[in-house]
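Subject: Structure handover

Hi,

Here is the structure for your files. Please have a look before you read on.

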Amino acid sequence: MALSKNPGGHRGMQESMYSVIALVFILVACVELCDAAAAIDVYRLIQYDMSGSAYGSRFAALNHHAASLHFPPGADLSRAVLIIPLRELNITFVREYINQKKPLGGLLFLLPDIFSFENGGNKQVHEKEQLKNLLAELEQLLIHANIPYPVYFAFENDEIDTVLADIKKNDAIGQPATATTGGYKLVIPTPEPKKVASPTITNIQGWLSGLKADGDTNQLPTIAIVASYDTFGAAPPLSVGSDSNGSGVVALLEIARLFSLLYSNPKTRGRYNLLFGLTSGGPYNYNGTQKWLRSFDQRLRESIDYAICLNSIGSWDNELWIHVSKPPENAYIKQIFEGFSNVAEEMDIKVGLKHKKINISNPRVAWEHEQFSRLRVTAATLSEISTAPELLQGTGGLYDSRQFVNETAITRGVKLVAESLARHIYGHQGKNVQIFADGGSLAVNPAYIQSWLDLLSQTPRVAPFLSKNDPFVMALKKELADHTDEVNMQHEVLEGVFTFYDSTSARLNIYQVASVTFDLLLLLVLGSYLIVLFSFLVITTRGLDDLISLFRRPPSRKVKTA
Amino acid sequence: MTMFHFFNCAILTFGPHAVYYSATPLSECDTLGTSVKAALVYLGTALVKLVCLATFLQVSENDGFDPYQELLKALIGFIDVAGLYFALTQLTHRNISQNHKFQAVGLGWAFADSVLHRLAPLWVGARGLEFTWDYILQGLEANANLVLSISLAALGSLIWLRKNKPKTLIPIIYACAGIVATMPSITSYPRRGLGWHFPKVVGFELFTSLVMAFISWQLFSACQRPYAALLSPMKFRLPSSFVV
């Protein structure tokens, strides 16, 4: 009996032991919940490999002291994080640091509010254009460099401004003077970044069937309108690409809406099929467009009369460019250009033609129409940009925020494209007929454009970080499905040239830490306080002799033996 | 460095108790048992107080000074006094002199108070990277609390354990005991009503505790004198352990 009782008792004790141990662990873990002087969201510089070479910031975790640009010359910054507000950025300084591979603990760039959607609003900021250009330059520098320390972006707010002011004050006087301001420590506890496995690119296409006459067995000709919707920038969670190519996507959706209105009625349905394509993989030499075209049936490809690609039509004043790869003397190109020019003249817009030959051996694809041209489909790109962008340039980075896009520009662009297309479809070339006249039922809807533009300006769309069933991709699909007869999605894997790494955003904790000297000083003070207290108590309660006797050696044994 | 800071604050909070124990004759008379028992009585008192506070007190939205609530809290604070009475009179102690008994009880009481109220915040907070002065101030508060507890125990022993006191001093003793017992409520007025910052409040506590300690020391020695005067003719006959 006694034996059976004990195991039960032991088990009870074991359970209570486990609960005590669990409690201890919880208490130990509680340390992590301690509050910091400031905690802000930060976004990491993109990390990617291209053809085996490493680019971007190769590290994510951060645990260093903060320093500002006013650091004393000759100071060792290999264990310090430089906090640089964009307004005070000296690009040559950063370029020097990166190119000469000077050791640094980390970089933190503070971006003004105008580049953020929530707070950007319509603030009038001096030197808006200047800041935009500076940021674009910085971005190009950073994404083409291999940086062996963490680089982060954050938006300015009151907390970090006060912290930075404090750091500047401390740096200006050389060393932190007071014991309590041992400095600020920036801690970002994230795990090491891992490769993004099989990044997918999703192409969405919408098909609007034209009117087939009875007895007509031939395939109707098709006109394609294409825009790429994904972006690439220095900080993926901030790469919203309002102009590149949010404006193109919005324009495409509005054109689809207008033509769906026309095509819904058989009396006004044109004799052309319309193919709307929202492609991904734009920054990567229009990889997605290539895969999309390759997936076409031969017959379909041959039936495409021409394709219009939309790229950045959100911030132009009076001039647009049509880029082609076939020579301008080509009959089809002439026809397209004339159609656009006629409408543009009526709208007071200047349209120029730019010809860029394709070099088959060069993998670089600067415009989306080049992918069509490589498969012998006539195509042109409508854009506000006059010169072909380099690889990973103008792909909707940090500087491309809502502030810099003009809805009126997009509205006019939509009208231009829609009118030109409609005149071609209904055979009204040269005639002064306004199909999408303002104020009519087929007028371009600025509210529609604005709401979609706002949505796009809040959605980062870097392809490797957009999953197959991302809500935004689904939203695009649904919208296109509303305006077209048939919608298809094509999922592909991004080619092996590019490899991306995750860990793109984190939470930065800023702690105000006391210096080591302060702790030692405190220990000294406390030690002497306790010693004084001890002596005081001994003296008052036992007498001074007792205190002295504590330090005397005990009387030697010699006395006893003697 | 953060464990270092925790260690510093810990020795500020708990060091004086250990120093007090070892410096005074308490360590010689081996009064550890008394202190431990007093600590346990404090735990019991704290539990009873908690239950009473939960039952009778309303949670106020604003952090202002509500005299009604403070009065209620002061009344509940008298449970502390009852606990101290229990610790001083009802527990069976080894044969130690009155002088040492109140010190041991006060020490145990203050130590239990520090552990209960200050150990957990110290463990969770002082080990973080962020530096604040709060924990050092809390340690100073613990010191003030030690002094207050010992003076309260002294006054308590005067009230309940000493039978013959000079008549004139009795009202003063009771008044002082009342003030010391309601000291938490008195400090909450500057903290909430006047809105003083923590360092100021701690300074106030230290000052008042030293003042009250001094007063109670004077009262205690004043009550000793007639006793000693009575006893002095017989002093040389009594064994040395009875000398106070």
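My notes on cavities, cysteines and the annotated segments follow.

This is a predicted model: local features need pLDDT of at least 70, side-chain atom pairs count only at pLDDT 80 or more, and totals for chains, interfaces and linings use all residues. Residues are numbered from 1 along each chain as its sequence is written, chains are lettered from A and ligands numbered from 1 in the order written, and side-chain values use heavy atoms, without hydrogens or water.

**Cavities.** The whole structure holds three cavities of 30 Å³ or more. A cavity is a set of points on a 1 Å grid over the protein atoms alone where a 1.4 Å probe fits but cannot get out; lining residues have an atom within 4 Å of a point.

**Cysteines.** No disulfides (cysteine sulfur pairs within 2.5 Å) turn up over all chains. Cys309(A) is buried at 0% relative accessible area, and Cys176(B) is buried at 8%. Buried means under 20%, with a 1.4 Å probe and protein chains only.

Residues 104–124 of chain B are 100% helix, with end C-alpha atoms 30 Å apart. Residues 144–161 of chain B are 94% helix, with ends 25 Å apart. Helices are DSSP runs (H or I) of at least four residues.

Best wishes

How values were computed:
Buried means under 20% relative accessible area, exposed over 50%, partly exposed in between (1.4 Å probe, protein chains only). On a 1 Å grid over the protein atoms alone, a cavity is a set of points where a 1.4 Å probe fits but cannot get out, and a pocket is an open set with protein on both sides within 12 Å along at least five of seven lines; lining residues have an atom within 4 Å of a point. Grid points are joined across faces, edges and corners, and a volume is the space filled by probe spheres set on the points. Helices (H or I, at least four residues) and strands (E, at least two) are DSSP runs, numbered from the N terminus.
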